[in-house]
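The structure is shown first.

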Amino acid sequence: MRWSKTLIPTLKEDPADAEVVSHKLLVRAGFIRQISRGIYDYFPLALKVIRKIESIVREEMDRAGAQELLLPIASPAELWQESGRWEVYGKELVRFKDRHARDFCLGPTHEEIVTDLVRSAVRSYRELPFNLYQIQTKFRDEVRPRFGLMRGREFIMKDAYSFHTDMQDCRREYDNMFETYKRIFTRYGLQYRPVEADTGAIGGSLSHEFQVLAESGEDAIVSCNLCDYAANVEKAEAKGSRPAARDLTEESPQLVKVSTPGKRSVAEVAEYLKLPPEKFVKTLVYRIDNNDFVAALVRGDHEINEVKLQTALGCREVALADEAAVAAMAGVTPGYLGPIGLSLRTIADFSVQSMRGAVTGANEANAHYTEVDQERDFTPSAFADLRMAAAGDHCPRCDHGLLEAHRGIEVGQVFYLGKKYSEALGATYLDAEGRERPMEMGCYGIGISRLVAAAVEQNHDANGIIWPLSIAPFQVLLLPINYNDKATREAADRLYDELRRRGVEVLFDDRDERPGVKFKDGDLIGIPLRITVGAKGLAKGCLELRWRRDGKTVEIALAGAAQTIHGHLAQA
RNA sequence: CGGGGCGUGGCUCAGCUUGGUAGAGCGCACGGUUCGGGACCGUGAGGCCGGUGGUUCGAAUCCACUCGCCCCGACCA
């Protein structure tokens with residue numbers, strides 16, 4: 001492609017509305033432009049990257065035995081009503097009416113649609129199993145789109161759905177997809193980790209996320225420094241935390257009420273009483289499923305994990321109660337809440353069990369108890385794993401490992417769905433005995449457009465983007481120093497033709513610009529290999545070959561240059 | 001939805017407090033000098049200052065409402 005014939009609107013300055021580096025660079029380098037909140041134009045360079053990402057997905061999905069198909073973006077409300085998600089999904093689901101006033105929505109995901117397809121097309125166990133996938137634009141009216149392509153409302157996703165006669169076969173496909181995803185993300189040249197994940201709104205019982213490691217990632221993950229355990233903190237089991245309240249007084253003196261005027265947070269009270277946060281018990285009042293209230297206890301140095309709380313309580317929704325509700329329930333503001341004498345059902349994290357010499361609120365204004373002994377002074381209705389795992393925790397899977405914390409960008413997720421959708425929508429088959437049975441299902445997503453952002457987050461420097469070769473918009477940037485110089489022009493034109501003939505993807509900067517401008521633009525858009533054609537080099541019969549990533553530069557002979565370049569690419 | 005911030009040529013911003021009819025840098029066009037890491041000189045085009053309503057002799061500037069965008073939080077690929 002000749003630069004002069006394509007549209008690459010580069011910018012010298014960072015756009016004012018971008019925060020993270022991938023957003024800034026993708027806009028500056030002329031890949032994307034925001035047209036509305038969370039909705040972007042993809043310029044030619046961006047589309048090339050997207051096509052590369054997609055084609056690797058296709059190759060690997062096809063290799064894994066999946067079949068590509070294409071489902072509609074608009075789907076009728078009936079299917080969503082049947083699965084129950086028309087009510088459950090909320091405002092994120094964009095709904096509209098057609099001219100006949102029939103309800104529709106834009107598909108945020110396609111379990112209903114594909115299940116409907118399968119129930120009408122498949123009758124017998126002989127037709128199972130299979131895995132259907134598509135690559136398509138999705139729309140979710142996100143509460144808070146942000147960070148450019150990282151969290152758009154409109155985004156491109158690969159979604160796959162598999163159908164099976166039994167759990168074992170569905171598990172086999174889950175593992176098949178897990179391995180396929182590892183191959184895909186490895187081919188992208190990204191540093192990633194598969195982590196155990198919560199299943200969230202999609203439902204199901206087993207799930208892994210594929211997280212591209214990046215500081216700007218929205219997800220917190222932990223991984224073991226010794227074994228291969230890794231999990232999203234939402235899901236990570238919290239076990240054997242740092243030694244903390246263990247060395248507490250054995251003799252368990254009397255409960256002591258102390259005055260703590262105006263001190264409300266653990267940090268404030270800890271500072272005031274000169275006691276470490278791990279000796280505290282935090283009491284948090286939650287409203288569950290919009291009617292009942294429950295008090296959750298975690299140690300002062302821990303964070304509560306609401307997903308775990310929800311699971312432990314077996315409820316659909318938990319939300320921190322507001323101050324007025326707390327005052328009504330407990331007769332005190334949240335800063336002075338404690339489990340002793342609290343007339344609320346309480347549930348406590350394991351780390352609170354058997355605590356001694358602890359500090360809690362006294363359920364009266366400006367007062368706390370010290371020397372609290374859990375076994376002597378209060379009894380929660382249950383103990384459970386309620387806290388966020390954190391760096392330094394003991395690994396829940398191996399003996400000596402410790403957890404490390406990372407940030408990640410979730411670029412893929414695999415789910416074992418079970419019969420959730422097949423039962424709701426009646427996707428059944430007849431088994432060998434002629435009995436009707438619901439199918440077992442799995443689903444598997446990859447965020448295609450999000451991957452563009454993730455790749456940039458992980459591959460850039462002060463000068464711009466550094467695309468991994470496998471997803472770069474072009475493999476080679478051919479840069480003549482002065483395209484008006486006759487010798488340069490002839491050599492560059494010839495090389496351009498020869499490279500293309502060999503199937504090398506070349507961006508040819510044939511613009512009448514000063515060299516500095518071309519070098520800067522070239523670094524910005526991040527083509528992996530740059531070939532510079534200049535009068536000085538030509539005089540010696542040479543060209544300069546330079547890798548964008550490490551700046552490594554070699555001179556190569558003009559004669560046979562196309563072949564030499566092809567060879568360097570093949571080795572990369 | 002709650003909290004905070006911002007809307008002024010294509011881009012990044014100044015001007016607003018203390019109303020007097022719009023500026024800079026970059027970019028763009030043309031001419032000239034340049035030409036291996038975002039050149040220089042000259043000339044020029046381009047803005048109903050997000051919108052509506054108000055206050056005023058007069059509003060980018062003050063007031064009200066409204067729309068859009070960004071950040072933080074509650075949600076999620």
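The secondary structure of chain A comprises 16 helices and 31 strands, where helices (H or I, at least four residues) and strands (E, at least two) are DSSP runs numbered from the N terminus. This is a predicted model, in which local features need pLDDT of at least 70 and side-chain atom pairs count only at pLDDT 80 or more, while totals for chains, interfaces and linings use all residues. Residues are numbered from 1 along each chain as its sequence is written, and side-chain values use heavy atoms, with hydrogens and water left out.

The mean pLDDT of chain A (the predictor's confidence in each residue, from 0 to 100) is 91, and 97% of the residues score at least 70. A contact means heavy atoms within 4.5 Å.

The C-alpha trace of chain A spans about 95 × 65 × 50 Å along its principal axes. Of its 572 residues, 52% count as buried; buried means under 20% relative accessible area, exposed over 50%, and partly exposed in between (1.4 Å probe, protein chains only). Among contacts between residues at least 6 apart in sequence, 68% join residues at least 24 apart.

In helix α16 (residues 561-571), the buried residues are A561, A562, I565 and L569. They lie on the same side of α16, because they cover an arc of only 100 degrees around the axis, the arc being that of the directions from the helix axis to the C-beta atoms. The face turned away from this buried side carries the exposed residues Q563, A570 and Q571. The elements against which the buried residues of α16 pack are listed below.

| Element | Residues |
|---|---|
| β27 | 476-480 |
| α13 | 486-501 |
| β29 | 529-533 |
| β30 | 542-547 |
| β31 | 553-557 |

The axes of helix α1 (residues 21-28) and helix α12 (residues 448-458) come within 8 Å and cross at roughly 105 degrees. The two helices are therefore roughly perpendicular, a term for angles of 65 to 115 degrees. V21, S22, L25 and L26 of α1 meet V452, A453, V456 and E457 of α12. These contact residues divide into six nonpolar, one polar and one charged.

D521 belongs to helix α14 (residues 515-525). With a relative accessibility of 10%, D521 counts as buried. Leaving aside residues up to four places away in sequence, D521 touches W3, T10 and R511.

How values were computed: Chains lettered and ligands numbered in written order. Axes fitted to C-alpha atoms, helices over the stretch in contact; angles between N-to-C directions. Parallel < 35°, antiparallel > 145°, perpendicular 65-115°, else oblique. Nonpolar A, V, L, I, M, F, W, Y, C, P; charged D, E, K, R; others polar.
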